[in-house]
Amino acid sequence: MFGVFVLYPLANALLIAFSRYQFLTGEAPRFTGLANVERWLGDERLLETIGITLQYMLIYLPASTLYALAVAILLDRVVNRRLATGYRVLLYLPVVLPASITFHMWKWMYDPTWGLFNQLLGVFGVPALRWLSDPDMALPSIAGMEVWHLMGITMMLFLVGLNNIPRELGEAARVDGASPWQIVRHVTLPLLKPIFLIVVVLRLQTLGVITQPLIMTDGGPIRSTTTYGLQAYFIAFRDTVWDIGYASIWFLVLGLFSALLAFVAWRGMRSQVE
Amino acid sequence: MVEAVPHLAGAGILRLGQVIPVAVTALRRGLRRGVRPGALLKHAALLAAVFLSIAPFLWLLSIALRPVTETYIVPMPLLPSSLTFTHFLDMLLVAPLMAVYYRNSFVITGASVAAVVAIACLAGYAFARLHFPAREPLFWIVVTAMFLPAAIALPPLYVLLSNLNLLDTWLGLILPYTGWYLPVSMFIMRGVYQAIPRELEDAARLDGASAWQIFWRIMLPLGASGAIVVAILAFVPIWGEYLFSFTFTSTTNSMPMSVGIRFFEPSPATGKYTFNVAAAAALVMFLPSMLVYVGLQKWFTKGLMEGALKF
């Protein structure tokens, strides 16, 4: 099963990526060497979608990391174990929710007329915003959803890191008269450096984001949320001829890149835990 | 059961007004007794974060439980003045297809998770203890596959499923899901079995047990907690999977609820389904995840900290 549904498609992906294969034309795939790669390099959508993806990362990465770090530091200082477990369970809850339903729920929350956010703004007398239909707001809106959805994972990673820091260090600093903020700044953060690295590398995988914009904005408005992965998806399954051969090059590059990142994060994680 | 849980939480929203004064009094009392303001601030911040994490559900609950007459009003009131459970029934009456999407979701997720666990237990044991040709190279292929994102297999998988006539069938999703969640699962199970002391096996072998008996009687029961972790780690993503199911299914033949939900988009323009029914549908979809999560909480944390992190 693993062979047929993982290895065979992967091998096939390699072959298709270097072939002309337009699914809907019914034409048999034909090996064309590097023609697809050349087309990929010269495609104006390449830089555009990479730009959008990087923009997404730049919003998402700092926001999610800082939020999760703040929560983790606070949670680590809760002494009562039952209370700490209660907090942790609830804070982690969004992570285990079915992704597709979560994205739909947020799409409704962003709804300009009936959504929660404009409802709340209305309470404070602020005029309604077009969360997903304004080209300047759509990307940050999706990133905001993702911060909420995956904060628990990052929080857990930081908690593991904080757990590895001996309590005595903080105690010693306090005896020496350091303020809580100084302890965090000069003792905790430097010791968390390896975890930061893992978090960043792991979260870099959001470069492959496809499903979120597919559900919430369908790449719009005016292509403002068409990320690299989504563009690949559109080429394969949306554009007129379903250019599966050409799309495979897009996917292949994405796959190799994320695999590399995941591997680096994994190595870091193992060295941390051991 | 389905209705009992939202009911409790729904009542909770309504009582929010009474809870706040009580909390304020408790706070005052705490301050008088000399609770440090720093600790207070810490808990206030954590409670705010917790509230952020669950606020979307509370909102969804308030939509699912309010009458339609209180839904399409601008501005929509945050809290309904009365509660109703009709939308959970309406889901099935107004939208008979809903039940079909659910059936598909259950069949596909159930079969995939069962297959993943069964194969991962067998293969994990083989990788951990048995000697067979090319064991190490095979294992490295598994490890490599573990890091590849499933999206890159979309085009070739689509072609493969189309050639096998499996597009828009249950199997057409079960097989790819099983394949893609196997590498991680095999990896975890291998680690679990390697951690079981070899002496146990040796003792059994001396008593005349066969390899199969050793697996069935000793390894399987001892590795049960690992198997639960594997099952959870497979269940969570498969239950809410969208990319494969959106691409490989097209009709009620096999479409799971994770894709079917998009037909319940609460647009008052089409007037087909109300926002309330959509919210109820989403909540019902959340329910299995929450039950699994809360019920298996012990293994969840353990699995995340040990299994998933360490791999």
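**Exercise 1. State which handedness describes the passage of α5(A) by α14(B), and characterise the contact.**

Solution. Step 1: in this predicted model, the crossing of α5(A) with α14(B) is left-handed.

Step 1: the two axes come within 10 Å and cross at roughly 145 degrees.

Step 2: on the α5(A) side, the contact is made by A:Ile101, A:His104 and A:Met105. On the α14(B) side, B:Ala282, B:Met285 and B:Phe286 take part.

Step 3: sorted by class, the contact has five nonpolar residues, one polar residue and no charged residues.

**Exercise 2. Determine how many residues of α5(A) are buried.**

Solution. Step 1: the criterion for a buried residue is 20 or more other C-beta atoms within 10 Å of its own.

Step 1: the residues of α5(A) that are buried include A:Ala99, A:Phe103, A:Trp106, A:Lys107 and A:Trp108. A:Ile101, A:His104 and A:Met105, which contact α14(B), are also among the buried residues.

Step 2: the count is eleven of the eleven residues, so α5(A) is largely enclosed by the rest of the structure.

**Exercise 3. Describe the side of chain B that touches chain A.**

Solution. Step 1: on chain B, 58 residues are in contact with 60 residues of chain A.

Step 1: the elements of chain B that give two or more residues to this side are α3 (37–64), α7 (154–163), α8 (170–194), α11 (224–239), α12 (243–248), α14 (275–295) and α15 (297–310).

Step 2: α3(B) supplies the largest share, eleven residues.

Step 3: by class, this side of chain B has 45 nonpolar, nine polar and four charged residues.

Step 4: for the model, the ipTM is 0.81 and the pTM is 0.83.

**Exercise 4. Identify the domains of chain B and the residues through which they touch.**

Solution. Step 1: domain 1 of chain B covers 4–84, and domain 2 covers 93–310.

Step 1: nine residues of domain 1 are in contact with eight residues of domain 2.

Step 2: on the domain 1 side, α3(B) gives the most, with four residues.

Step 3: the residues on that side comprise seven nonpolar, one polar and one charged.

**Exercise 5. Locate the stretches of chain B where pLDDT is below 50.**

Solution. Step 1: the mean pLDDT of chain B is 78, with 81% of its residues at 70 or more.

Step 1: pLDDT is below 50 over residues 1–16 of chain B, a stretch with 18 contacts beyond near neighbours in sequence.

Step 2: residues 307–311 of chain B also stay under 50, with 15 contacts beyond four places in sequence.

Step 3: where pLDDT is low, predicted coordinates should not be read in detail.

Conventions:
Residues numbered from 1 in each chain as written. Chains lettered and ligands numbered in written order. Predicted model: local features only at pLDDT ≥ 70, side-chain atom pairs only at ≥ 80, totals over all residues. pLDDT = per-residue confidence, 0-100. Contact = placed C-beta atoms within 7 Å. Nonpolar A, V, L, I, M, F, W, Y, C, P; charged D, E, K, R; others polar. Domains from an automatic or database assignment. Axes fitted to C-alpha atoms, helices over the stretch in contact; angles between N-to-C directions. Left-handed = near helix turned anticlockwise from the far one by under 90°. Buried ≥ 20, exposed ≤ 12 C-beta atoms within 10 Å, placed from the backbone.
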